[in-house]
Amino acid sequence: MTDRDVFEYAVLRVVPRVERGEFFNAGVVVYCRAKSFVAARTHLDENKLTALDPDADVVGVRAALHGVEGVCLGGDDAGQAARDDAGRRFRWLIAPRSTVVQPGPVHTGLTADPEAEVERLLDLLVR
């Protein structure tokens, strides 16, 4: 049997009009402490976005989703979080917020390959 590690993940939701509370899934953030791994993958369905809000800022939502990916990567793309470890960046990203891009609840699982888990969850929960 392959060694597996605990990982945590949250789904990224797009809430075009926060006051209405309607949302759809647009990405995932995965963190594996044992591997010091954090990554996000996103997929914006523009048709869903404009169905919920015809006046939605598609470019702004896409930029916010790419910003989450940048924070996970660290370095210059992470802004203030650039020097934080993977765990701190994950915790910052999953903190509740009232913006157009919001994290859902955190879930856990076991994986031998956190990078593959990111893609599997994106396919399962978003696409």
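Modeller: Please bear in mind that this is a predicted model. We may begin with the pairing of individual residues.

Biologist: Which residue in β4 does Arg13 stand opposite?

Modeller: Strand β1 covers residues 5-14, and β4 covers 101-111. These two strands pair in the antiparallel sense over nine bridges. The residue in β4 that stands opposite Arg13 is Gln102.

Biologist: What is the order of the strands in the open sheet?

Modeller: The sheet has four strands with antiparallel pairing. Its edge strands, each pairing on one side only, are β3 (37-42) and β4 (101-111). Neighbouring strands are turned by 20° against each other on average, direction ignored. The order is β3-β2-β1-β4.

Biologist: Why is β3 largely enclosed by the rest of the structure?

Modeller: Burial here requires a relative accessible area under 20%. Strand β3 is largely enclosed because, of its six residues, the number buried is five.

Biologist: Which residue in the hairpin of β2 and β3 takes a positive phi?

Modeller: The strands β2 and β3 run antiparallel and are joined by six bridges; within this pairing, Gly27 stands opposite Thr42 in β3. The hairpin has four residues between its strands. The residue with a positive phi, near 50°, is Ser36.

Biologist: At about what angle does helix α4 run to β3?

Modeller: Helix α3 (residues 86-94) lies across β1, β2, β3 and β4 and runs at about 155° to β2. Helix α4 (residues 114-125) also lies across β1, β2, β3 and β4. Its angle to β3 is about 30°.

Biologist: Which element gives the largest share of the lining of the largest pocket?

Modeller: The residues that line this pocket include Ala64, Gly67, Val68, Val71, Trp92, Leu93 and Val101. The elements giving two or more residues to the lining are α2 (58-73), α3 and β4. The largest share, four residues, comes from α2.

Biologist: How many nonpolar residues does the lining of the largest pocket have?

Modeller: Leu12, Arg97, Thr99, Val100 and Pro103 are also among the lining residues. By class, two of the lining residues are polar and one is charged. The number of nonpolar residues is nine.

Biologist: How much space lies in the largest pocket?

Modeller: Rolling a probe the size of a water molecule over the atoms shows where empty space is left. For the largest pocket, the space comes to about 160 Å³.

Note on methods. Residues numbered from 1 in each chain as written. Predicted model: local features only at pLDDT ≥ 70, side-chain atom pairs only at ≥ 80, totals over all residues. Heavy atoms only, no water. Pairing = 2+ DSSP bridges. Axes fitted to C-alpha atoms, helices over the stretch in contact; angles between N-to-C directions. Contact = heavy atoms within 4.5 Å. 1 Å grid on protein atoms, 1.4 Å probe; cavity = no way out; pocket = protein on both sides within 12 Å on 5 of 7 lines; lining within 4 Å. Points joined across faces, edges and corners; volume = space filled by probe spheres on them. Nonpolar A, V, L, I, M, F, W, Y, C, P; charged D, E, K, R; others polar. Buried < 20%, exposed > 50% of the residue type's maximum accessible area, 1.4 Å probe, protein only.
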